[in-house]
Amino acid sequence: MPHETVAVGDIEISALLDVDVNDEPIADAFPGAPADAILAGKARYPNVYGDDDTWRLRVRVWLIRHPGGLLLLDTGVGPETSPAMAWCPKPGVLPEALAEVGATPDDVEVVVISHTHDDHIGGALSRDGTPALPRARYILQRADRDWERDAADRSDEEGAVWKMLLAPLEDAGVLDVIDGDRRLTDRLTLRHAPGHTPGHQVLAVESRGRRALLSADTWNHPMQLAHPDWWAGSDDDHERSTATRRALLAELLTEPETIVAPTHLGEAFGHVSPDPDGLPAWHPAV
Ligand SMILES: [Zn+2]
């Protein structure tokens, strides 16, 4: 069963596994780190290494069942028509994955886009170009919407995201653009966590004294917990992404029972606490 579910108070969080592929050489994916240190990290964290020391990339989509309904965080790489197919060897499985956990696209009322990279927003549209979650509002940060719109004339991945995904969503009238933190319900809060992209945001969940942090692409390699300054090649602003990693890490170390749910790490759910050497580390939930 590729999809895992945890309970946080009266909320259920399901991690839907969209794709699991070998991406670029892992040392190339994290140019902010010493290459030999990243390669040596395989001993501690073997699950993020693919064949021939590639980055083993999982892309997850998060379904949140809460008292107010169903919320989806991100949409995965998307169908064959998605711009992510320029680099991703296979399409995503969002509609099938929803069915496997007993939901349909019509059930989803809110879609939060953590950021506008095409492995997160690629599944926002169906093959026919209409919203894949047809009854939902799509929430994203204004900073990312504007960043992609400024790229509209380019022929690169961001230009494609605007033309093929964001502009159609805007034309369909389903985009809700927000500025900074936003309390969605008394249990669910979006927090602007910039750096990976200008509008990168994470979802904080709190219910009955339990907490979870859906951290999106704040940490894409678990060694970034001990080394927040080891920026990823996909980080747009290295200093800002480092500052965000430091700030969220400091919170997690004071709330070590928080369930952390990162989009791309080897495991969907875990905790952050120090290893015996004193350095913050990733401890998968089992
Ligand atoms: Zn990503």
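Modeller: Happy to! Keep in mind that this is a predicted model. Let's start with Asp53, which forms a salt bridge with Lys42; their closest N and O atoms are 3.0 Å apart. This pair links distant parts of the chain: Asp53 and Lys42 are eleven residues apart, and each lies in the loop between α2 (35-40) and β3. How accessible are the two partners? Asp53 has 27% relative accessibility, so it counts as partly exposed. Lys42, at 37% relative accessibility, counts as partly exposed too. As background, side chains of opposite charge can pair when their charged atoms come close.

The structure holds 18 salt bridges, so let me walk you through some others. Arg145 forms one with Asp146, and here the closest N and O atoms are 2.8 Å apart. Is Arg145 buried or exposed? Its relative accessibility is 11%, and because buried means under 20%, Arg145 counts as buried. Asp146, with 23% relative accessibility, counts as partly exposed.

Another pair is Asp156 with Arg154, a salt bridge whose closest N and O atoms are 2.8 Å apart. Asp156 is partly exposed, with a relative accessible area of 31%, and Arg154 is partly exposed as well, at 42%.

Now for the rest of the fold. Seven strands make up an open sheet with mixed pairing, in the order β1-β2-β3-β4-β5-β6-β7. At its edges are β1 (4-8) and β7 (175-178), each of which pairs on one side only. From one strand to the next, the twist averages 25 degrees.

Strand β3, which came up with the Asp53 and Lys42 loop, spans residues 54-66 and runs antiparallel to β2, residues 11-25, with eleven bridges joining the two. Within this pairing, Glu12 has Arg65 in β3 as its bridge partner. Helix α5 (residues 142-150) packs on the sheet, where it touches β6 (137-141) and β7. The direction of α5 makes about 85 degrees with that of β6.

Key
Residues are numbered from 1 along each chain as its sequence is written. This is a predicted model: local features need pLDDT of at least 70, side-chain atom pairs count only at pLDDT 80 or more; totals for chains, interfaces and linings use all residues. Side-chain values use heavy atoms; hydrogens and water are left out. Two strands pair if DSSP finds at least two bridges between them. Helices (H or I, at least four residues) and strands (E, at least two) are DSSP runs, numbered from the N terminus. Axes are lines fitted to C-alpha atoms, for helices over the stretch in contact, and angles run from 0 to 180 degrees between N-to-C directions. Contact means heavy atoms within 4.5 Å. A salt bridge is a side-chain nitrogen of Lys or Arg within 4 Å of a carboxyl oxygen of Asp or Glu. Buried means under 20% relative accessible area, exposed over 50%, partly exposed in between (1.4 Å probe, protein chains only).
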